[in-house]
Amino acid sequence: MPILELVDKHGRAAEWITSMMIFVFGLTLLAPGSTMDTSVSYRAFIIVGLNDISLGLLALFIATNRLVALYRNGMWKRSPIIRGIGAVAGLGFWVGISFAFCWPYVAGISEAPSTATVYIVAAFAEILAAYRSGIDVRNSRIAAG
């Protein structure tokens with residue numbers, strides 16, 4: 001099955017894309033060098049005790065589990081509850097990233113809220129994914145009788 005067909009199967013493209021964004025975010029943090037030292041936007045993560053490795057591994061954990069669940073859902077058994085859990089985890093990730101990147105702006109450390117506003121759009125996509133998963137759970141229960 002071609003990759004684009006798999007990604008858009010059952011209209012789940014947004015779930016795949018946000019999961020891949022989290023995956024790439026994690027890989028970026030795990031790349032050589034200290035990404036968090038490059039911008040004050042990462043200061044909130046450092047304050048709560050996270051570093052490149054811990055945040056990068058968390059991102060890869062969330063993304064990998066979600067990508068496996070999406071692949072399983074698209075290829076074999078439908079699993080809307082697992083997809084819903086993945087969407088909620090993704091929502092938590094993007095909301096956390098948004099708040100953390102807004103923190104330097106709110107605290108007066110920087111003059112602009114960085115890219116936090118972009119991540120709010122990804123959080124909204126996760127809300128839609130969780131909603132769709134809930135609809136799928138309801139429909140499967142109705143179909144089962």
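The largest nonpolar core of this predicted model comprises 20 residues. Within this core, the residues with the most contacts are Phe25, Phe45, Phe93, Trp94, Ile97 and Phe101. At least two core residues come from each of helix H2 (13–30), helix H3 (43–47), helix H4 (52–75), helix H5 (80–106) and helix H6 (116–144). The most is given by H5, which supplies 5 residues. In soluble globular proteins, nonpolar side chains tend to be buried together.

Phenylalanine 25 was examined for contacts beyond its neighbours within four places in sequence. On that basis, phenylalanine 25 is in contact with Tyr42, Leu55, Phe93, Ile97, Phe101 and Tyr119.

Aromatic rings were then considered. A search of the whole structure returns 8 aromatic pairs. One of them joins phenylalanine 45 to phenylalanine 101 in an edge-to-face arrangement, at 5.9 Å centre to centre and with 80° between the planes. This pair links distant parts of the chain, since phenylalanine 45 belongs to helix H3 and phenylalanine 101 to helix H5, 56 residues apart. Phenylalanine 45 and phenylalanine 101 are both buried. An edge-to-face pair is also formed by phenylalanine 93 and tryptophan 94, with 5.1 Å centre to centre and 80° between the planes. Phenylalanine 93 is buried, as is tryptophan 94. Through ring pairs, Phe25, Tyr42, Phe45, Phe93, Trp94, Phe101 and Tyr119 are linked into a cluster.

The protein chain contains 6 helices and 0 strands, and the order of its elements from the N terminus is α-α-α-α-α-α. Helix H5 has 27 residues, and the distance from its first C-alpha to its last is 37 Å, close to the 39 Å expected at 1.5 Å a residue. After H5 comes glycine 108, with a positive phi near 80°. For H6, the 29 residues should span 42 Å at 1.5 Å a residue; the end C-alpha atoms are 42 Å apart, so the two values agree. The buried residues of H6 are Ala116, Tyr119, Ala122, Ala123, Ala125, Glu126, Ala129, Ser133, Asp136 and Val137. Glycine 145 follows H6 and has a positive phi, near 95°.

Leucine 50 lies in the loop between H3 and H4. With a relative accessible area of 27%, leucine 50 is partly exposed, because the value falls between the 20% limit for buried residues and the 50% limit for exposed ones. Leaving aside neighbours within four places in sequence, leucine 50 has contacts with Met36, Phe45 and Leu55. The C-alpha atoms of leucine 50 and methionine 36 are 9.5 Å apart, and the two residues are separated by 14 residues along the chain.

Values for the whole protein chain complete the description. Of its 145 residues, 38% are buried. Among contacts with a separation of 6 or more, 67% are between residues 24 or more positions apart. The accessible surface of the protein chain amounts to about 8,300 Å², and carbon and sulfur atoms account for 71% of this surface.

Note on methods:
Residues are numbered from 1 along each chain as its sequence is written. This is a predicted model: local features need pLDDT of at least 70, side-chain atom pairs count only at pLDDT 80 or more; totals for chains, interfaces and linings use all residues. Side-chain values use heavy atoms; hydrogens and water are left out. A nonpolar core is a set of buried Ala, Val, Leu, Ile, Met, Phe, Trp, Tyr and Cys residues joined through side-chain atoms within 4.5 Å. Buried means under 20% relative accessible area, exposed over 50%, partly exposed in between (1.4 Å probe, protein chains only). Helices (H or I, at least four residues) and strands (E, at least two) are DSSP runs, numbered from the N terminus. Contact means heavy atoms within 4.5 Å. The expected span of a helix is 1.5 Å times one less than its number of residues. Rings of Phe, Tyr and Trp (its six-membered ring) pair if their centres lie within 6.5 Å; planes under 30 degrees apart count as stacked, over 60 as edge-to-face and the rest as tilted. Accessible areas come from the Shrake-Rupley method with a 1.4 Å probe; for residues, only the protein chains shown count as cover.
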